[in-house]
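Hi everyone, thanks for coming. Let me put the sequence and the model up on the screen, and then I'll walk you through a few parts of it.

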Amino acid sequence: MYHSLVRPTQDRDSWTTAVIDARNEYAAPAPGKRRGGGRPLSDHPANEALSEGMSVKILIMGGTRFVGLACVEELAKFGHDVTIFNRGVTEAPVALPRNIRRLYGDRNDHDALRATLKDEKFDAVVDCSAYLMADVELMVEIFKGRIGHYIFMSSPAAFAPSTAFPIPEDHPGTTIETPRNKNYGILKAACEQYLVDQFYDNGFPASVGKLPMVFGPRNTGRHREALMMHRLLLGRPALIPGDGSTFSHPNYIPDMAIGVRKMLLNPATFGQKYTWAMEEYYSDDSFADVIGAVVGVTPDKIYMPADVTTEVYQTFPYPIMHRSQVAASPWYKSNVFSTTKFFDHTGFRQEHTFEAACADTYEWFQRAKIHENYNWDFSHEDAIIKRLRG
Ligand SMILES: NC(=O)c1ccc[n+]([C@@H]2O[C@H](COP(=O)([O-])OP(=O)(O)OC[C@H]3O[C@@H](n4cnc5c(N)ncnc54)[C@H](OP(=O)(O)O)[C@@H]3O)[C@@H](O)[C@H]2O)c1
């Protein structure tokens with residue numbers, strides 16, 4: 001069990017540089033020389049704990065839906081001692097790995113959460129169910145001084161709109177309310193900043209992970225890649241926004257979870273906000289093509305003029321194309337993200353190509369009989385197809 005692993009003694013930029021320098025030095029010592037000049041960060045208990053075959057105690061807040069469930073599986077696979085906390089309302093679509101410990105409760109009941117967690121000891125917390133400032137403030141109150149790492153799962157919806165791409169990981173947070181997801185991004189942005197400040201002001205070892213457009217097997221967002229598979233299998237046309245050239249930035253669920261594992265108890269990540277995703281982007285056009293290739297259907301694409309696309313985004317009950325959400329971004333903006341800092345600090349690399357990831361997702365789609373059991377109202381699409389094709 002670790003208590004307040006490290007405290008920043010320098011300003012934010014030099015702190016990060018010092019950590020990275022120390023890690024690099026440790027990673028590549030001069031041939032035949034002892035590593036000297038103080039205790040390298042890689043000798044820190046956090047890193048010892050995560051050396052091969054070692055296990056740490058991890059609490060995952062959430063853990064039974066999609067993102068959290070993938071983290072549970074990845075961390076359990078690497079031998080960590082995983083506990084999950086949730087209400088027991090959302091049951092995982094697969095059996096949880098063996099030896100997962102469960103704590104039950106509603107995190108909105110703060111007194112009960114305090115009582116449940118006050119005597120529990122964890123090395124790290126991965127928080128997949130925090131959306132409000134009150135959620136993260138309580139986690140800081142409960143775990144301050146007695147935890148090695150707190151990872152807050154967040155979203156690019158927390159980014160302010162940007163005119164520069166790829167959007168840097170330290171791009172400011174949004175304060176703009178958006179029609180579709182109300183203040184999701186604003187609240188996440190406020191939580192992120194609070195946690196970064198908690199590290200620099202009080203040494204609370206928090207990190208923020210933003211996940212662009214997560215997709216893959218067991219995706220609960222049924223309007224996403226599964227809908228395109230279903231649509232093409234039905235022989236329906238694919239409505240493409242504009243000329244199809246808008247880019248999105250995908251994050252494949254098993255790779256997302258590897259990213260969490262790579263961050264875990266890594267002091268270089270404390271006080272940092274990261275975005276991680278694939279190194280590939282795809283256009284709307286190529287999304288339909290790749291999904292078409294994996295399901296074995298040549299997509300019948302209908303390119304919607306800009307005014308029709310705008311109307312579709314305003315009136316459909318679901319986004320016609322799965323996008324990385326950035327606050328108040330119009331449909332024609334290619335929201336792609338820099339992941340360089342995350343890759344540098346953690347050594348993470350994309351493990352699947354986009355095409356292979358879509359093929360794996362289709363295997364799940366077939367196994368889980370999603371197509372047979374899809375209940376989707378295509379009437380909005382039919383109206384647009386009729387208007388455009390007559
Ligand atoms: N999916 C994406 O594309 C995407 C993209 C960006 C960021 N994210 C972030 O990923 C995180 C969540 O992903 P997910 O839903 O897939 O995670 P998950 O951890 O797999 O599922 C959500 C968990 O939260 C629990 N939960 C919900 N309300 C609760 C409450 N009041 N008290 C206690 N537990 C509660 C649910 O269980 P019970 O219902 O049983 O309580 C469930 O286990 C969020 O932080 C989200 O912002 C997701």
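Let's begin in the sheet: Gly209 has Tyr274 as its bridge partner in S11. Before I go on, two words on the ground rules. Residues are numbered from 1 along each chain, as its sequence is written. This is a predicted model, so to speak of local features we need pLDDT of at least 70, side-chain atom pairs count only at pLDDT 80 or more, and totals for chains, interfaces and linings use all residues. As for the labels, helices (H or I, at least four residues) and strands (E, at least two) are DSSP runs, numbered from the N terminus.

Back to Gly209, then. Strand S6 covers residues 206-210, and 3 bridges join S6 to strand S11, residues 273-275, in parallel. Strand S5, residues 149-154, also runs parallel to S6, and 5 bridges join the two. When I say that two strands pair, I mean that DSSP finds at least two bridges between them.

How many residues of S6 are buried? 5 of its 5. Buried here means 20 or more other C-beta atoms within 10 Å of the residue's own, exposed means 12 or fewer, and partly exposed is in between, with C-beta atoms placed from the backbone. Ala206, Val208 and Lys210 point one way from S6, while Ser207 and Gly209 point the other way, and all are buried.

Now zoom out to the whole sheet. What is the strand order? The sheet is open, with 7 strands in the order S3-S2-S1-S4-S5-S6-S11 and parallel pairing. Its edge strands are S3 (101-104) and S11, each of which pairs on one side only. From one strand to the next, the twist averages 20 degrees.

Strand S1 (residues 57-61) and strand S4 (residues 124-127) pair in the parallel sense over 4 bridges. Along that pairing, Ile58 stands opposite Ala124, and Leu59 stands opposite Val125. S4 also pairs with S5 in the parallel sense, over 4 bridges, and there Val125 stands opposite Tyr150. Both faces of S4 are covered: Ala124 and Val126 are buried on one side, and Val125 and Asp127 are buried on the other.

On to the ligand. Which residues come nearest? Of the 23 residues around the ligand, they are Gly62, Arg65, Phe66, Gly68 and Arg87; a residue counts as near if its C-beta atom, placed from the backbone, lies within 6 Å. Helix H3, residues 67-77, gives the most to this shell, with 3 residues. By type, the shell divides into 9 nonpolar, 10 polar and 4 charged residues.

Next, a helix pair. The axes of helix H9 (residues 284-295) and helix H12 (residues 354-367) come within 9 Å and cross at roughly 50 degrees. That makes H9 oblique to H12, since angles under 35 degrees count as roughly parallel, over 145 as roughly antiparallel, 65 to 115 as roughly perpendicular and the rest as oblique.

Is Gln193 buried or partly exposed? Partly exposed, because 16 other C-beta atoms lie within 10 Å. C-alpha to C-alpha, Gln193 and Met133 are 10.0 Å apart in space and 60 residues apart in sequence.

Key:
Ala, Val, Leu, Ile, Met, Phe, Trp, Tyr, Cys and Pro count as nonpolar, Asp, Glu, Lys and Arg as charged, and the others, Gly among them, as polar. Axes are lines fitted to C-alpha atoms, for helices over the stretch in contact, and angles run from 0 to 180 degrees between N-to-C directions.
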